[in-house]
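Dear colleague,

I am passing on the structure we spoke about, with the sequence alongside. Please have both open while you read the notes below.

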Amino acid sequence: MAQRLVSVWQPFFLASESRGAAVDAATELEELGYSRIWFSGGFGENVAPRFREILDGTTRIGVASGIVSIWHSSPSEVAAFVQDAQAAHPGRFLLGLGASHAVLVEGSGTDYRKPYSRMVDYLDGLDAAGVPPERRILAALGPRMLGLSRDRSAGAHPYFVPAEHTVEARAAIGPDRLLAPEVAVVLDADATTARATARQYASGYLALPNYTNNLRRFGWTDEDFAGGGSDRLIDVLIPWGTVEKVAAGLEKHYEAGADEVAIQVLNGGDATTFPADAFRALAAALI
């Protein structure tokens, strides 16, 4: 396994209306020693300019899209951004690509068919446009997409997965590919309020078949998905509690084979406020 990396996954970086606030938060994360900042690429036709703004406003920290939807942007448009970012900030931008979800894609008027084939075609387009495999990573859950991550990208960026999936993903992509799961956490030692915060977040993902079908492969059932998630499912998917308890939950993914864990601090549904205190505390415990 490669060097252990501690990263951040936070919707704040795209949701914040203030470029200055986003760059200030990124600068602090860089100073704290985090390795990379991940955030969604949204559903625009081009890669969001916020990625370049954060690259320009920092000096060392990596920046990654988690994810750019292959249904809403063309390979040529994305390649232009990647090549520009690489020229200005060599090695710092990683293009995360994903097949998204039928309900989200079809809700925007696009027919969601054969997502695996669509990803293969998209990667062909990136190859033709000159974006090498090492500058892209795939949001992979199941065996076929994990295999594609291994064969045609830098690795895999699974989202909303237990540590058992990290074990499977490492076996699937092999020892030499980057494995960077996102893991959401709640810094709250009260079981009732912590689980309520976790359920508020989890309920949306438990309505998406891609995630529930993946969890079923590890023995979870409809009973676990009901009501925003059973206590047992919430406790496995979303580490909560003191800083020490949350750090122990994140450690399970490293032990399972992750090179990098992208930590998402749940902020009660507030995507426009950066949870700086939480990331300071986690940096002290993990970095």
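This is a predicted model: local features need pLDDT of at least 70, side-chain atom pairs count only at pLDDT 80 or more; totals for chains, interfaces and linings use all residues.

As background, nonpolar side chains tend to be buried together in soluble globular proteins.

Once its neighbours within four places in sequence are left aside, Leu97 is in contact with Ile67, Val68, Ile70, Met119, Tyr122, Leu123, Leu126, Ile137, Leu138 and Ala139. One of these partners, Ile70, is placed in the loop between β4 and α4, and Ile70 is buried, with a relative accessible area of 0%. For a sense of scale, the C-alpha atoms of Ile70 and Gly130 are 17 Å apart in space, while the two residues are 60 apart in sequence.

Helix α4 comes next. This helix runs over residues 75-88, has 14 residues, and reaches 20 Å from its first C-alpha to its last, which is close to the 20 Å expected at 1.5 Å a residue. Its buried residues are Pro75, Val78, Ala79, Phe81, Val82 and Ala85. Seen down the axis of α4, these buried residues fall within an arc of 165°, and they therefore line one face of the helix. The face turned away from that buried side carries the exposed residues Ser76 and Ala87. What covers the buried residues of α4 includes α3 (49-57), β4 (68-69), β5 (93-98) and α6 (115-129).

Ser149, found in helix α7 (residues 143-152), is buried as well, with a relative accessible area of 0%. Not counting residues up to four places away in sequence, Ser149 touches Leu138, Ala140, Ala154, Gly155, Ala156, Ile173 and Arg177.

Turning to the rings, the structure holds 17 aromatic pairs. In one of them, Tyr159 and Tyr211 have ring centres 6.2 Å apart and planes at 45°, so the pair counts as tilted. This pair links distant parts of the chain, since Tyr159 lies in the loop between β7 (155-156) and α8 (163-173), whereas Tyr211, 52 residues away, belongs to helix α10 (residues 209-216). Tyr159 is buried, at 9% relative accessible area, and Tyr211, at 8% relative accessibility, also counts as buried.

Elsewhere, ring pairs link Phe12, Phe13, Tyr34, Phe39, Phe51, Phe81, Phe93, Phe274 and Phe279 into a cluster.

The charged end of Arg4 sits over the ring of Tyr254, 4.2 Å from its centre, and the charged end of Arg144 sits over the ring of Tyr116, 3.8 Å from its centre.

Definitions and conventions:
Residues are numbered from 1 along each chain as its sequence is written. Side-chain values use heavy atoms; hydrogens and water are left out. Rings of Phe, Tyr and Trp (its six-membered ring) pair if their centres lie within 6.5 Å; planes under 30 degrees apart count as stacked, over 60 as edge-to-face and the rest as tilted. Helices (H or I, at least four residues) and strands (E, at least two) are DSSP runs, numbered from the N terminus. Buried means under 20% relative accessible area, exposed over 50%, partly exposed in between (1.4 Å probe, protein chains only). A charge sits over a ring if NZ of Lys or CZ of Arg is within 6 Å of the ring centre and within 35 degrees of the ring normal. The expected span of a helix is 1.5 Å times one less than its number of residues. The arc is that of the directions from the helix axis to the C-beta atoms. Contact means heavy atoms within 4.5 Å.
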